[in-house]
Amino acid sequence: MRLLVTGAAGFLGSHLCDRLLALDHTVVGMDNLITGNAANLAHLEGHPGFRLVRQDVTTFIDVPGPLDGVLHFASPASPMDYLEYPIPTLKVGALGTHNTLGLAKVKRARFLLASTSEVYGDPLVHPQPETYWGNVNPVGPRGVYDEAKRFAEAITMAYHRYHGLDTRIVRIFNTYGPRMRPRDGRVVSNFIAQALRGEPLTLYGDGSQTRSFCYVDDLIEGIVRMFERGTDEPTNLGNPHEFTVRQLAERVLALTGSRSPIVERPLPVDDPRVRRPDIARARATLDWEPRVPLDDGLRRTIEYLRGVVGR
């Protein structure tokens with residue numbers, strides 16, 4: 001198939017491009033490099049099945065020739081990024097999703113939206129099934145990302161119902177692995193980079209808030225299965241094994257051998273207290289669940305970040 005991947009130079013987008021190319025698909029990558037990193041795709045330079053187009057998907061987009069699929073991953077995704085770029089985040093969720101859906105409609109292509117567990121906000125239901133509507137503060141600082149993705153889901157379903165477009169929605173929970181930026185504000189990369197530099201590990205609150213961490217290879221496998229044989233229903237993809245943030249910090253210190261102290265800082269506004277996916281739907285429809293244990297994934301991520309921390 002010939003596929004368009006937006007946000008192709010990002011952490012997830014670049015891994016997805018690799019996987020699709022390994023499956024012998026032809027891939028057109030699109031990215032404006034606001035938060036993406038061209039170095040994530042440097043190894044694909046000269047690849048006969050890959051082409052990168054530098055473009056902002058919130059403006060009119062066209063891809064000459066046929067397309068069989070559009071996989072929309074363009075968006076700032078870490079708190080540091082969407083707090084720095086609040087309006088571009090809202091625009092890529094609204095205008096960018098509208099534009100990519102329109103392209104998929106014209107090309108009669110399948111559309112996959114990369115949504116997020118943030119649509120559940122600070123959840124009052126635990127773990128979070130796809131039937132839960134969420135607890136989101138629309139006017140808080142995190143609302144620019146949460147509501148952008150909620151709108152993106154709504155317009156995707158509108159195109160599915162009104163235009164008959166073949167659509168998929170994946171709700172992605174915390175994911176980690178190589179190609180994370182060491183200063184991207186995500187908890188795994190933050191802790192590893194701080195440990196490698198010998199800096200204090202910054203714990204927001206007392207560290208009792210929980211997260212579930214999915215290694216990137218597992219997530220990409222789920223996305224590919226969702227694209228190939230998923231349904232139009234939103235589907236959670238993430239690791240159902242739950243850890244406190246303090247436990248994560250302690251694992252990072254043990255695996256890096258760092259003697260960095262752990263310091264507590266005030267909890268950010270609207271920071272979710274718990275986060276764990278119910279993946280019953282993914283198990284039933286995709287025969288998918290994560291396989292990489294946390295320590296194994298952390299070791300691979302630490303190895304990668306050793307080579308980029310300090311650059």
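**Reading a predicted single-chain model**

Author: Buried residues make up 54% of the 311 residues in the protein chain. The model is predicted, and the values discussed here are computed from it.

Reader: How many helices and strands does the protein chain have?

Author: The chain contains nine helices and 13 strands. Its radius of gyration is 19 Å, close to the 19 Å that the globule rule gives for 311 residues, so the chain is as compact as a globular protein of that length. Along the principal axes, the C-alpha atoms fill a box of roughly 55 × 45 × 40 Å.

Reader: Among contacts between residues at least 6 apart in sequence, what percentage join residues at least 24 apart?

Author: Of those contacts in the protein chain, 81% link residues at least 24 apart.

Reader: Is C17 buried or exposed, and what of C214?

Author: Burial is judged by relative accessible area, with buried meaning under 20%. C17 has 0% relative accessibility and therefore counts as buried. C214 is buried as well, with a relative accessible area of 0%.

Reader: Turning to the backbone, which peptide bond is cis?

Author: The bond from H126 to P127 is cis, with omega near -5 degrees. P127 belongs to the loop between β5 (110–116) and α4 (143–163).

Reader: Where does phi take a positive value in a residue other than glycine?

Author: One case is L33, with phi near 65 degrees. L33 lies in the loop between β2 (26–31) and β3 (50–54), and is partly exposed at a relative accessible area of 23%. Another case is R179, where phi is near 85 degrees. R179 sits in the loop between β7 (175–176) and α5 (187–197).

Reader: Is R179 buried or exposed?

Author: With a relative accessible area of 16%, R179 falls under the 20% cut-off and is therefore buried.

Technical notes
Residues are numbered from 1 along each chain as its sequence is written. This is a predicted model: local features need pLDDT of at least 70, side-chain atom pairs count only at pLDDT 80 or more; totals for chains, interfaces and linings use all residues. Side-chain values use heavy atoms; hydrogens and water are left out. Buried means under 20% relative accessible area, exposed over 50%, partly exposed in between (1.4 Å probe, protein chains only). Helices (H or I, at least four residues) and strands (E, at least two) are DSSP runs, numbered from the N terminus. The radius of gyration is taken over C-alpha atoms; the globule rule is 2.2 Å times the number of residues to the power 0.38. Contact means heavy atoms within 4.5 Å.
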